[in-house]
Amino acid sequence: MMQNRLILRVLSVFTLFFFSLTAYGQANLDEGKDLFRNNCASCHNKDMKSKMTGPALGKVEERWEGREELLYEWIRNSQGVIASGDEYAVSLYNEWGQTLMNPFPNLTDEQITNIISYVNFVYDNGAYPLPEGGDIAAAGAGGQETDNTWLYWTIFGVLIILCIILANIISNLNYLKEVRETGSGSRKTLIDILTSKTVISLVLFGLIIFGGYNTINSAISLNRQQGYQPDQPIKFSHVTHAGDQGIECQYCHDGARRSKHSIIPAANTCMNCHKAVKVGSSYGTAELTKIYASTGYDPNTDKYVDNMSNDKAEEIYKKWMATQYNVANSKEETAKLDKAGEQLVNDQWDGIVSSLTTDVKESVYGPIPWIRLHNLPDHAYFNHAQHVTVGGIECQTCHGKVEEMEVVQQYSPLSMGWCINCHRNTKINNTGVAEDYYNTHYKELSEGVKTGEVQQFHVEDIGGLECQKCHY
Ligand code: HEC
Ligand code: HEC
Ligand code: HEC
Ligand code: HEC
Ligand code: HEC
Ligand code: HEC
């Protein structure tokens, strides 16, 4: 019995340790990400590698090496550190045209550590969380996972060996006790111990925990796309457009009503309004200029330039942003830029280039490289018109309250179970269905309803659970 209790204790320590490790690794970066997004992303580029209003934060610890405390102090109150006359801080401040960084006096040490961990993670891996199969990220992700797995297996191995040693000692003690009490006894061999009921049930217990952990983990990563919320090349906000401005979803996503795809609007749709709305209240010229660069629209002259080269674009948009900077600073529009203005315009131009170009698109001119969130595998067929127009389902049922999302995220799991569940539970709404469609699809069933043979029918009754309806 003593043997049981000891081994149980060892196992529970092992389990606890195992889980606390996993939890620790995650919470950090998630919190760091939220803090960074909410407090720092307006000035520090989220790729951690390029400049914006403030410097790129990647590898920031190296620049403050041996002076971590001062770095934390800087983040809480950069002005204080500059005022203290610290040489690096002062030169940094001057280098950035004496731009003020907001103070964050309420951030705790732990929160700052989380932000910096997040910064490092993104700098090393390109993104967080890592998109599934993301190219840049894949290498980093692989490396990370192996690291952890290696650690878990080592711990697991060590604990197994410990258990065996302990079991051996206990069995020897038992043997000695037996000899003392009865004068004779039988010594158990290692095989006896390993095949004893206790050990077998403990191993089973361990396997169940381990298996359960792995199953849950891989189930999560299968649907990793749910909640997927990448940063987009333009800070386009559904809150501003679909919420505050009350623009209909279908004004932009006009495919939803009539075709399989809902379609991300082309930049020309944006131009319907942004030819007039040229300066935004949140980002000034910076974000809206990206729409102009992608369509080749010259806001200085209100004309379009065909096939604009990057050099031409740089000339046009730097001029435009310089004018806007001068206007904002109550100077003559055509005045020469001051130092801060020059810095800002250069940074804004860098931002435009890094947002609108990708590995395969070198020109800022051309379609905006929006990152697509929703992606069913090729073997599954989904049709928007079928659901929106025929089925009368609101966008929000499947996509959540998009009009309240500053950055859109994937709301539903998009798993087969999700489709099937809704098809089982949703009653057919046959209002507004074209007559011929109605006839071919629902005739029998709706006659059944009339005669009272059928109470009501669900999508499953019209074939919504048939494999070939959803699979090619
Ligand atoms: C209003 C814009 C702004 C915001 C918001 C901002 N920063 Fe800064 N940050 C700057 C500027 C500008 C600099 C360059 C120094 C200067 O001009 O004061 C800087 C410098 C830094 C540096 C020093 C970089 C180096 O290379 O040594 C760190 C670290 C830093 N910021 C961290 C943060 C963190 C963390 C947050 C969010 C909690 C944040 N900043 C929010 C503008 C900002
Ligand atoms: C002014 C135009 C506009 C309006 C209005 C608009 N959207 Fe969008 N929507 C976009 C753009 C641009 C994107 C791509 C950028 C992004 O993901 O933020 C997008 C992306 C999306 C996505 C993610 C698509 C994907 O898989 O990448 C969904 C879902 C979406 N919109 C739903 C809606 C819904 C629902 C409404 C109405 C409540 C709506 N949109 C209103 C322009 C618009
Ligand atoms: C029906 C008119 C309309 C359409 C279409 C439209 N917008 Fe807007 N957009 C607005 C209005 C109005 C604002 C608010 C401007 C402000 O904040 O001062 C705005 C604000 C913005 C802002 C924030 C600017 C800032 O600095 O505050 C961005 C970025 C933006 N729109 C991008 C887009 C993109 C990209 C598209 C096309 C997918 C688009 N808009 C389509 C009307 C529109
Ligand atoms: C029954 C659920 C459902 C409804 C209702 C729905 N969507 Fe979707 N939406 C999806 C699915 C599933 C995808 C992924 C499709 C794919 O990958 O082929 C998607 C993808 C999208 C995309 C990405 C581009 C594309 O077409 O793949 C946009 C944008 C979008 N939906 C907007 C809307 C808008 C706007 C509405 C309302 C008019 C709407 N959706 C209604 C389920 C729905
Ligand atoms: C919110 C509920 C809902 C979800 C989620 C949903 N559907 Fe549907 N689906 C419907 C309704 C309602 C209809 C019936 C429309 C009609 O014909 O009246 C339908 C019809 C269909 C049809 C046509 C069936 C037929 O017999 O004509 C297909 C195919 C389909 N859905 C595929 C999908 C796929 C694939 C998914 C998941 C990616 C999905 N649906 C998710 C509600 C849903
Ligand atoms: C209402 C639509 C719908 C119906 C009906 C449906 N499927 Fe699926 N199925 C899907 C979608 C969507 C996916 C992709 C799920 C994902 O990406 O996780 C899928 C995925 C799969 C997969 C790949 C494994 C996986 O989970 O990704 C298999 C195999 C499959 N379905 C078989 C079937 C068979 C067999 C039937 C008939 C009994 C069937 N499906 C009926 C929508 C459907």
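**Two ligand sites in a predicted model**

Reader: Which helices each supply at least two residues of the shell around ligand 1?

Author: This is a predicted model, in which local features need pLDDT of at least 70, side-chain atom pairs count only at pLDDT 80 or more, and totals for chains, interfaces and linings use all residues. Residues are numbered from 1 along each chain as written, chains are lettered from A and ligands numbered from 1 in written order, and side-chain values use heavy atoms, without hydrogens and water. A residue is near a molecule if one of its heavy atoms lies within 4 Å of it, and helices are DSSP runs of H or I with at least four residues, numbered from the N terminus. The helices asked for are α1 (2-40), α2 (60-63), α3 (68-76) and α5 (87-95).

Reader: Which side chain has an N or O atom 2.7 Å from an oxygen atom of ligand 1?

Author: A polar contact is a pair of N or O atoms within 3.5 Å. A nitrogen atom of ligand 1 is 2.8 Å from such an atom in the side chain of H44, and an oxygen atom of the ligand is 2.8 Å from one in W64. At 2.7 Å from an oxygen atom of ligand 1, the side chain is that of R63.

Reader: What is the geometry at the iron atom of ligand 4?

Author: Donors are N, O and S atoms within 2.8 Å of the metal (3.2 Å for Na, K and Ca); H384 (NE2) and H399 (NE2) are the protein donors, 2.0 to 2.1 Å away. Six donors count as octahedral if opposite ones are over 155 degrees apart and all others between 65 and 115. With angles of 87 to 179° among its 6 donor atoms, the site is octahedral.

Terms used:
A polar contact is a pair of N or O atoms within 3.5 Å; within protein, one must be able to donate a hydrogen and the other to accept it, and residues adjacent in sequence count only if both atoms are side-chain atoms. Four donors count as tetrahedral if all angles lie between 85 and 135 degrees; four count as square planar and six as octahedral if opposite donors are over 155 degrees apart and all others between 65 and 115; anything else is irregular.
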